[in-house]
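The sequence and structure come before the notes.

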Amino acid sequence: MPPAQTQTLQTPILLLDGGLGTTLADSHNCTFNTDTPLWSSHLLLTDPNTLLAVQTAFVDAGADILLSATYQASYEGFEGT
């Protein structure tokens, strides 16, 4: 087998977490609309325990990598929340 193929076969596959927004909406009754301009980032202030519960569930399901809920966070965004 060529070296590149051998290296590929030996590289572990890592699992990314699930759909954060979908899980928050479906399982935690979170609504995202114009009143929540930061989308899930506003939960960092209003309900961090819900974010922790969802991320913990992703890990329990086998996720190796967790994405943060902060990609929309900004000073301007938090001012509007």
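## Briefing

P37 is found in the loop between α2 and α3. The model is predicted, and it has five helices and zero strands.

- N29 is found in the loop between α2 and α3, and its place is just after α2.
- The phi of N29 is positive, at about 55°, although N29 is not a glycine.
- N29 is exposed, because its relative accessible area is 69% and exposed means over 50%.

**Overall fold**

- Along the sequence the pattern reads α-α-α-α-α.
- The protein has 81 residues, of which 23% count as buried.
- Among contacts in the protein with a separation of 6 or more, 68% are accounted for by residues 24 or more positions apart.

**Helix α2**

- Helix α2 covers residues 20-28, and L20, G21 and L24 are buried in it.
- Seen down the axis of α2, these buried residues fall within an arc of 105°, so they line one face of the helix.
- An α-helix has 3.6 residues a turn, so residues three or four places apart point the same way.
- T22, D26 and S27 are exposed, and they sit on the face of α2 turned away from its buried side.
- The cover over the buried residues of α2 includes α3 (43-46) and α4.

**Helix α4 and T50**

- T50 is found in helix α4, which spans residues 48-60.
- T50 is buried, because its relative accessible area is 12% and buried means under 20%.
- Leaving aside residues up to four places away in sequence, T50 touches L24 and H28.

**Nonpolar core**

- Which residues make up the largest nonpolar core? There are nine: L20, L24, C30, L43, L51, V54, F58, A63 and A69.
- At least two residues of this core come from each of α2 and α4.
- The largest share, three residues, is supplied by α4.
- L43, one of the core residues, touches L24, C30, P48 and L51 when residues up to four places away in sequence are not counted.
- In soluble globular proteins, nonpolar side chains tend to be buried together.

**Surface**

- The accessible surface of the protein comes to about 5,800 Å², and 57% of it belongs to carbon and sulfur atoms.
- L14, L16, I65 and L67 make a nonpolar surface patch of about 370 Å².
- L16, one of the residues of this patch, lies in the loop between α1 (3-10) and α2.

How values were computed. Residues are numbered from 1 along each chain as its sequence is written. This is a predicted model: local features need pLDDT of at least 70, side-chain atom pairs count only at pLDDT 80 or more; totals for chains, interfaces and linings use all residues. Side-chain values use heavy atoms; hydrogens and water are left out. Helices (H or I, at least four residues) and strands (E, at least two) are DSSP runs, numbered from the N terminus. Buried means under 20% relative accessible area, exposed over 50%, partly exposed in between (1.4 Å probe, protein chains only). Contact means heavy atoms within 4.5 Å. The arc is that of the directions from the helix axis to the C-beta atoms. A nonpolar core is a set of buried Ala, Val, Leu, Ile, Met, Phe, Trp, Tyr and Cys residues joined through side-chain atoms within 4.5 Å. Accessible areas come from the Shrake-Rupley method with a 1.4 Å probe; for residues, only the protein chains shown count as cover. Patches are made of residues with over 30% relative accessible area and no salt bridge: like charges are joined within 9 Å, nonpolar side chains (Val, Leu, Ile, Met, Phe, Trp, Tyr) within 5 Å. A salt bridge is a side-chain nitrogen of Lys or Arg within 4 Å of a carboxyl oxygen of Asp or Glu.
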